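Say you have just opened this model and want to know where the labels come from. Let's go through some of them, one question at a time.

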Amino acid sequence: MNPADLDLTELFGGGERPVMVWNLTDSFVTLAGTVQGGQHLDARDGTAAGPPPPHPTVERREGDIPAESTALAMRGFAEPPWFPAALAELGGRLLFLTAPVGSGRRTAALKLLHRHTAGFALRAVDADADLATWTATSTTARGYLVDGLLESRVLALDALGLDALRTRLRDADACMVVVTKDTPPVVAHLRDLLQRAPVRALPPPPRAVLEAKLATVFPGFERRQALLDTLPAGFLDETLQRSLTPAQVVEIATEIVRVAHGDVAPEAIGEHLSLHATDRAPHLLASVRGDAQDLALLLATCVFEHFDHALVEEEARRLLAVAGGRLDAVVPPPETGDTPAGNPGFVFRRSRHERLTAIEAHVADREVRTTSTHSYFSEPVAFVRHLQGRAVLDHVWREHRDAGELLVEWLRQTPDAQRRAERAGFILGQFAQWSTGPLALAPIERLADSDRPGDRRMAARAFGAASADPVLATAVKNRLRGWSRAASESLRCTAALTCATEFGLARPEVALNLLHTIVTARDDGSAAVDSAVRRAVDALFAEPALRPRVIDALTRWSGAPGAAGRAACAAVAQLLKSAATTREQGEWWSGHLHSGDTPPGLELVRAALMEPTSFEAARAALLEWQRRADTDPGRARAVERLTDALAPRLRGGVMRLFADLERAYPAPGSLRAARALAAWRATLQ
């Protein structure tokens with residue numbers, strides 16, 4: 001069985017935290033945060049250009065938590081010993097869980113809320129919320145999750161605020177689980193506040209996690225035991241005795257599943273595991289320090305792992321050029337006429353295999369990748385060990401700051417092609433997470449005010465990656481609020497584009513409010529800002545669970561005069577264009593248009609057609625709907641329904657669209673458009 005056929009999402013469920021993909025491919029699972037995550041992880045295939053999608057399965061940090069996300073997180077859940085007592089305490093409406101990041105605390109919190117409320121009506125509250133003044137904003141949510149409440153917010157909470165919070169929860173018929181780090185000040189403060197120690201969410205035993213995960217794939221005990229018996233003697237006993245996070249156990253379970261399907265030989269099961277990646281990183285770096293070319297290849301592979309080998313080699317050469325000798329451990333002596341000099345241009349130097357072996361990497365099997373215009377072959381480069389690239393970059397950033405500055409300089413100059421700049425932005429965001437001090441975001445901020453659109457996109461990607469850390473998320477949010485009103489077009493563009501990343505997907509209400517401010521604070525007609533806002537709305541709408549909220553926001557915007565109304569209409573035209581070429585979004589619009597007499601999306605379509613600045617884009621999108629409807633019965637019904645609903649108010653842009661629809665006879669919608677136009681012409685006689 002091909003590894004690409006293994007849908008590990010179906011096997012093991014969703015992510016422990018906002019998933020920041022790290023070198024994810026269809027050949028094995030490697031996620032940033034996997035070595036810090038919980039019992040569940042998400043796997044997606046890589047994209048055509050090598051890297052994964054920019055924001056797969058982002059965990060909600062604010063707003064409604066999708067039921068699918070909760071269900072996936074609970075699949076194969078190994079119940080820890082403290083769980084029953086915590087569930088009983090949640091009967092008092094409020095529960096504090098203290099645990100280090102990576103203990104599976106979010107997964108356990110979701111399970112507690114689901115078990116207590118017997119449903120999926122759950123909402124997330126952002127980690128910087130002031131619980132003393134927080135109020136329930138939903139009439140339907142029965143459970144609230146505060147994942148990673150900031151230490152400063154915990155320490156500021158007093159008895160009066162706690163009592164008021166419980167009262168508000170009781171009035172809302174809801175409960176709340178607050179997850180926070182188990183630092184001594186936090187634990188001591190909560191003990192005084194609660195008159196008892198908070199629940200310490202220790203992870204379940206590794207063997208229990210492994211059994212629970214494998215049972216979701218192989219329900220029969222005999223089948224599981226027979227599979228485990230094929231592994232090397234003592235492998236599991238020795239490995240599970242280590243201090244493993246739940247996600248590391250899931251990684252082991254993933255490899256065992258691959259053994260079962262014949263994709264990994266039983267004796268090789270330990271070769272790819274990330275367990276030793278951190279310890280190996282300094283040794284791997286030291287082994288190539290004497291060769292600048294090997295060092296550049298190692299660092300380029302760390303950043304661009306799973307891109308095609310030719311691209312990785314190109315980036316290694318670019319790093320050498322940017323370094324200007326800073327990767328050379330020894331300066332070569334001056335050449336003399338008597339001493340033969342090595343020829344750097346010699347074409348038969350070490351082979352690709354030799355160079356990759358030196359950095360403990362390899363070239364994966366050739367595969368076909370597809371773009372919107374053509375297909376091509378790719379031979380992606382990968383480390384032998386999962387998360388080795390992450391571990392090396394972590395070590396370099398923390399222990400070799402001069403080298404870290406070189407990496408930032410190199411990454412900021414990454415070409416905006418083949419999604420390289422997107423990967424560079426992600427790495428810059430990861431560097432910010434590993435940084436300390438008030439200037440952690442400084443390397444990204446210098447890109448944010450650039451005149452180059454590619455720099456702004458890279459900055460936005462970096463801010464999105466950095467926002468996975470709750471502490472940095474507060475800094476990112478603060479900057480975006482200021483930039484949303486800035487005179488600088490570049491800063492407003494960056495703010496809008498950041499709303500299209502993990503930052504916005506995790507905090508949709510914050511993102512939509514920021515976008516509204518961006519379009520209304522300075523109505524200066526900036527085409528770049530308008531484009532960035534449309535891109536952000538399109539990205540938020542691409543997440544099915546967010547569509548009702550996006551439609552509601554656009555409906556409010558469209559009712560306002562000036563910039564907000566124009567922005568809403570332009571965004572709707574963009575959504576219609578996306579729906580014309582994306583089957584899933586087209587099916588959603590079809591269902592939405594049939595959901596009632598006057599669904600809100602219908603009036604948004606009408607508004608986009610009536611607005612002069614968005615008419616052409618909306619018209620072109622809807623004519624594409626009609627063209628594709630010839631071979632798509634579902635889309636045909638949507639076109640007929642839309643035409644029928646627009647017909648009673650035939651004027652302006654709607655009339656111009658109907659004239660085009662009529663000329664496309666016998667395409668769907670043409671007859672209804674013809675009847676409506678005939679009735680209008682009759683009134684003129």
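Q: What makes Phe-541 buried or exposed?
A: This is a predicted model, and in it Phe-541 has a relative accessible area of 0%. Buried means under 20%, so Phe-541 counts as buried.

Q: And why is Trp-588 called partly exposed?
A: Trp-588 comes out at 21% relative accessible area. The label covers values between 20% and 50%, so Trp-588 is partly exposed.

Q: How many aromatic pairs are there in the whole structure?
A: A search turns up 12 aromatic pairs.

Q: Why is the pair of Phe-541 and Trp-588 called edge-to-face?
A: The ring centres of Phe-541 and Trp-588 are 5.2 Å apart, and their planes stand at 90 degrees. Rings pair if their centres lie within 6.5 Å, and planes over 60 degrees apart count as edge-to-face, so this pair gets that name. The pair also links distant parts of the chain: Phe-541 sits in helix α25 and Trp-588 in helix α28, 47 residues apart.

Q: How do you know that the length of helix α6 agrees with what a helix should span?
A: Helix α6 has 13 residues, 159-171, and at 1.5 Å a residue it should span 18 Å. Its end C-alpha atoms are 18 Å apart, so the two values agree.

Q: What makes the buried residues of α6 line one face of the helix?
A: The buried residues of α6 are Gly-161, Leu-162, Leu-165 and Leu-169. Looking down the axis of α6, they fall within an arc of 100 degrees, so they line one face. The face turned away from that buried side carries the exposed residues Leu-160 and Asp-171. Among the elements covering the buried residues of α6 are β4, β6, β7 and α7.

Q: Why does Gln-195 count as exposed?
A: Gln-195 has 69% relative accessibility. The cut-off for exposed is over 50%, so Gln-195 passes. Gln-195 also has a positive phi, about 65 degrees, without being a glycine, and is found in the loop between α7 and β8.

Q: How do you know that the peptide bond from Tyr-665 to Pro-666 is cis or trans?
A: Omega for that bond is near 10 degrees, and the bond is cis. Most peptide bonds are trans. Pro-666 is in the loop between α32 and α33.

Q: What makes Glu-314 and Arg-420 a salt bridge?
A: The closest N and O atoms of Glu-314 and Arg-420 are 3.1 Å apart. A salt bridge needs such atoms within 4 Å, so the pair qualifies. Glu-314 is in helix α14 and Arg-420 in helix α18, 106 residues apart, linking distant parts of the chain. Glu-314 is partly exposed, at 37% relative accessibility, whereas Arg-420 is buried, at 5%.

Q: What about Asp-524 and Arg-492: what makes them a salt bridge?
A: Their closest N and O atoms are 2.6 Å apart. The limit is 4 Å, so this pair counts too. Arg-492 is in helix α22, and Asp-524 is in the loop between α24 and α25. Arg-492 is buried at 1% relative accessibility, while Asp-524 is partly exposed at 45%.

Note on methods:
Residues numbered from 1 in each chain as written. Predicted model: local features only at pLDDT ≥ 70, side-chain atom pairs only at ≥ 80, totals over all residues. Heavy atoms only, no water. Helix = DSSP H or I, 4+ residues; strand = E, 2+ residues; numbered from the N terminus. Expected span 1.5 Å × (residues − 1). Buried < 20%, exposed > 50% of the residue type's maximum accessible area, 1.4 Å probe, protein only. Arc of directions from axis to C-beta. Contact = heavy atoms within 4.5 Å. Phe/Tyr/Trp six-rings, centres within 6.5 Å; stacked < 30°, edge-to-face > 60°. Salt bridge = Lys/Arg side-chain N within 4 Å of Asp/Glu carboxyl O.
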